[in-house]
Amino acid sequence: MTHYEPEGRTPDPEEARLVDEVRAAGTEGRVLHIRGGSSKDGLGGTPRGSGLSTLGLKGIVDYDPAELVVTVRAGTPLADLQAELAAHGQMLPFEPPAWPDATVGGTVASGLSGPRRAFSGSVRDALLGVRLIDGRGQLLQFGGQVMKNVAGFDLFRLQAGAWGRLGVLLEVSFRVLPRPQSELTRVLQMDADQAIAHMNQLAGTPVPLSAAAWFGGLLHLRLSGSAAGVQAALSGVGGEPLDPLSAERLWADCAAQPPGFAETAAAAESVPLWRLAVPAATRSLAAEGEEAIDWCGGLRWLRTHAPAEAVRALATSLGGHATAWQNNLARPAMHPLDPVRQALHRRLFDTLDPDGVFDSGRFDADAAAVVAPAGA
Amino acid sequence: MLRHNGVMHTQAPSRPHAAAPQPAHRAPLLAALAAALPADALLTQPEQLGPYECDGLSMYRQPPLAVALPYAAAQVQAVLRICHAHNTPVVPRGAGTGLAGGALPSADAVLLSLARLKRIARIDALARVAVVEPGVRNAAISEAAAGYGLYYAPDPSSQIACSIGGNVAENSGGVHCLKYGLTVHNVLGVRGFLADGTPVSIGGEAPDDSGLDLLALMMGSEGLLAVVTEVTVRLLPRPRHAQVVMAAFATVEDAGDAVAGIIGEGIIPAGLEMMDALATRAVEDFVHAGYPLDAGAILLAESDGTLEEVADEIARIEAVCRRHGAVSLATSQSEAERLKLWAGRKAAFPAVGRITPDYYCMDGTIPKKRLSAVLRRIAELSEQHGLACANVFHAGDGNLHPLIFFDANQPGDVERAEAFGLDILRACVEAGGVITGEHGVGVEKLDAMCVQFAAPELSTFHAVKAAFDPAGLLNPGKAVPTLHRCAEMGGMHVHGGKLLHPDLPRF
């Protein structure tokens with residue numbers, strides 16, 4: 001069993017450098033945009049300010065598989081972390097998109113989860129603690145390395161999906177899960193509305209589902225668990241088996257964007273792509289554009305020429321929200337907030353980052369003040 | 001059984017914001033509340049306030065200025081608006097089962113009970129969600145969903161009485177949280193009001209709210225940020241089958257190794273609980289669950305799922321336990337046997353209550369690998385302080401409940417028990433753990449917060465509080481200590497928990 005001793009808490013030179021940079025930017029009224037591997041540059045607005053790289057923060061700090069906890073520095077390549085976990089038969093529960101050069105810090109900051117999200121939770125669900133530098137240049141630690149912890153507000157979970165707006169992540173701790181003994185994927189031919197009903201009905205029964213996605217006229221269901229449990233569940237699921245290698249590739253692709261969906265779009269390069277979060281049993285959105293479905297119905301990819309306002313209004317009317325994705329210049333990229341939450345965001349930013357050091361415009365759900373960038 | 005009269009702490013929590021209101025203040029406030037609420041929804045007479053003077057941490061008692069018992073969200077909003085206009089603190093309360101004094105009133109505050117908002121608004125079986133009011137009991141959600149084959153997974157031990165609103169405030173766990181998560185993992189959205197009565201809606205059925213994850217911030221915020229009047233929860237399919245393995249080990253170390261072995265095997269048990277020798281003996285004398293009396297520790301490991309999944313996991317759990325030197329092993333072969341094996345663990349607190357006049361229940365979390373070291377340290381401290389201590393442990397997630405034996409009628413015992421508890425929490429922090437795993441901070445652990453967090457973190461918590469509640473009127477003085485208090489504190493000082501509801505299972 002590998003065990004990495006936690007490093008001593010003597011000041012780390014790279015962390016000290018980042019603290020100095022943040023403090024200097026605050027003093028001089030400059031904006032910093034935090035960068036890991038730059039793998040998500042195409043998402044959201046083009047950030048303003050000068051780059052602050054976390055790539056000098058590399059390595060796993062503490063990992064004991066029996067604890068189901070790993071602590072890792074923010075600039076560590078996501079692939080390195082996943083390889084280390086896999087070597088011990090474990091994994092991140094939220095199946096993040098594995099773009100080349102993605103870092104652990106960017107994975108947390110973007111808050112993007114893959115197909116397993118609907119069944120074993122999101123990035124923030126797996127997050128147990130963070131160390132970060134706030135807008136005042138203070139080193140702060142929230143949460144810890146244990147699963148049950150109700151001391152203080154959950155400011156560590158707040159970092160997931162915050163796009164670095166609240167601080168520079170230095171180190172994060174995740175809860176990890178054992179890799180399932182067995183995984184099988186089945187494919188069923190049906191239309192979107194049938195698929196939505198089928199996947200949600202199945203998820204209400206004790207079947208070990210770990211992914212349910214529909215695109216290109218096909219429902220894809222993944223079962224994970226003990227070999228006996230998965231085999232026993234197959235009869236209730238039906239469909240045709242997908243070979244393990246293709247299945248693995250398919251779900252990895254889904255974590256970023258459904259693969260078949262991208263290929264079948266004749267005008268993929270010019271039609272704006274949206275990512276909508278909606279209640280799981282929401283009807284098919286096929287009437288509004290080309291649709292792909294993940295997260296057991298909770299995530300809808302929509303490729304449409306419809307105006308941004310119409311897509312936002314659709315998402316809002318369904319009780320959800322819409323994010324501008326590929327080929328999509330709608331700004332802000334994130335779904336605008338209602339005035340009450342917008343005011344809360346503003347007050348949190350003002351108090352945690354009074355000089356606006358991290359106000360790079362990348363995190364733009366809060367602000368009318370964001371200038372629409374030239375391109376994404 | 002437990003006695004409460006021996007320990008009376010009258011010290012009020014420090015609260016920087018409001019002084020006790022002058023009588024001149026009180027009359028217009030009460031008049032405004034009376035005008036906004038039905039006659040039976042406002043209590044102001046001293047004899048009416050008695051039941052609200054404490055929550056499950058009964059050693060702290062303080063009647064509030066008045067108690068509001070609204071029937072609907074609009075009345076909650078009215079109470080908040082009126083209190084805000086009169087610069088009067090509001091202390092929200094659910095079922096009052098909390099163990100850390102989170103719902104302890106202050107003399108100048110209106111206690112806002114959400115107990116009458118107990119409607120289950122909607123269950124959507126296809127989408128697997130329930131929308132409920134905050135006063136709905138935790139167990140009532142699962143009861144209402146049972147007809148659909150669904151249930152609400154978090155099961156704090158007080159689940160027959162505690163409310164979902166209180167669960168949100170405390171981020172409650174439960175025996176099954178290793179596999180199914182805490183409240184934060186099972187609540188999809190909340191609606192309610194900020195301190196000034198502004199309506200706020202956070203999260204919902206659509207995953208991953210736009211903007212910051214304010215929903216995560218709300219969970220476990222102990223009523224400091226908003227008052228929740230509607231909660232949307234995720235429902236899960238009820239497992240078809242469950243079995244439990246009871247394994248006895250010669251030493252706590254062996255049992256700890258077996259826990260690591262089970263996790264190392266790639267199994268996440270539905271429940272994984274440990275008791276040391278003293279707790280085991282107390283329990284066996286009380287409920288005769290069939291635990292071996294000569295064991296150094298016993299382990300309960302439950303598997304749930306389909307028949308095939310459970311059969312497979314149980315066989316592997318048994319093999320791991322044997323490999324790690326289990327001296328005896330029993331696996332439930334029926335639902336009756338399963339419940340009997342659990343009965344002992346669930347009766348651990350009352351069982352301990354039978355053999356000691358009083359006890360303090362601590363609530364620290366540690367990395368599992370440090371269990372043996374921390375238990376050795378607790379044994380040393382037990383010698384040093386001259387008080388016995390039984391240990392029950394949510395072994396899967398590292399949450400330790402040491403139960404310190406004392407007799408409040410013996411001069412000096414209370415102080416020794418407090419000092420012992422303080423040393424235990426310090427040992428948890430030193431082992432890389434935290435000062436509360438599931439009971440919350442409330443007023444009980446304000447001092448211990450000073451041990452776990454430094455001034456910059458505490459200041460940040462205060463800043464977050466101020467962003468939601470600039471006037472500082474919502475449950476002020478709870479959950480986060482003032483920097484002043486931490487600076488003044490010579491050493492960590494922790495008050496142990498005492499149970500108000502000895503009839504509720506606590507584990």
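In the hairpin of β15(A) and β16(A), which has 4 residues between its strands, A:Trp295 takes a positive phi near 55°; helices (H or I, at least four residues) and strands (E, at least two) are DSSP runs numbered from the N terminus. This is a predicted model, in which local features need pLDDT of at least 70 and side-chain atom pairs count only at pLDDT 80 or more, while totals for chains, interfaces and linings use all residues. Residues are numbered from 1 along each chain as its sequence is written, chains are lettered from A and ligands numbered from 1 in the order in which they are written, and side-chain values use heavy atoms, with hydrogens and water left out.

**The hairpin in chain A**
- Strand β15 (residues 290-294) of chain A is joined by 5 bridges to strand β16 (residues 299-303), and the two run antiparallel; strands pair if DSSP finds at least two bridges between them.
- Within this pairing, A:Asp294 stands opposite A:Leu299 in β16(A).
- Because 4 of its 5 residues are buried, β15(A) is largely enclosed by the rest of the structure, where buried means under 20% relative accessible area, exposed over 50% and partly exposed in between (1.4 Å probe, protein chains only).

**Domains of chain A**
- Chain A is divided into domain 1 (13-178) and domain 2 (182-330), with bounds that come from an automatic or database domain assignment, and 27 Å separate the domain centres, taken over C-alpha atoms.
- The contact (heavy atoms within 4.5 Å) takes 13 residues from domain 1 of chain A and 17 residues from domain 2 of chain A.
- The two domains of chain A bury about 1200 Å² between them, 64% of it on carbon and sulfur atoms; buried area is the accessible area (1.4 Å probe) that two parts lose on being put together, summed over both.
- A:Pro115, A:Arg116 and A:Phe119 supply 46% of the area that domain 1 of chain A buries against domain 2 of chain A, more than any other three residues.
- Between these domains the count is 2 salt bridges, each a side-chain nitrogen of Lys or Arg within 4 Å of a carboxyl oxygen of Asp or Glu.

**B:Thr183**
- B:Thr183 lies in helix α7 (residues 183-186) of chain B and is buried, with a relative accessible area of 0%.
- Not counting residues up to four places away in sequence, B:Thr183 touches residues including B:Tyr152, B:Asn167 and B:Met219.

**Confidence**
- The mean pLDDT (the predictor's confidence in each residue, from 0 to 100) of chain B is 90, and 92% of its residues reach 70 or more.
- The model scores ipTM 0.94 and pTM 0.92.
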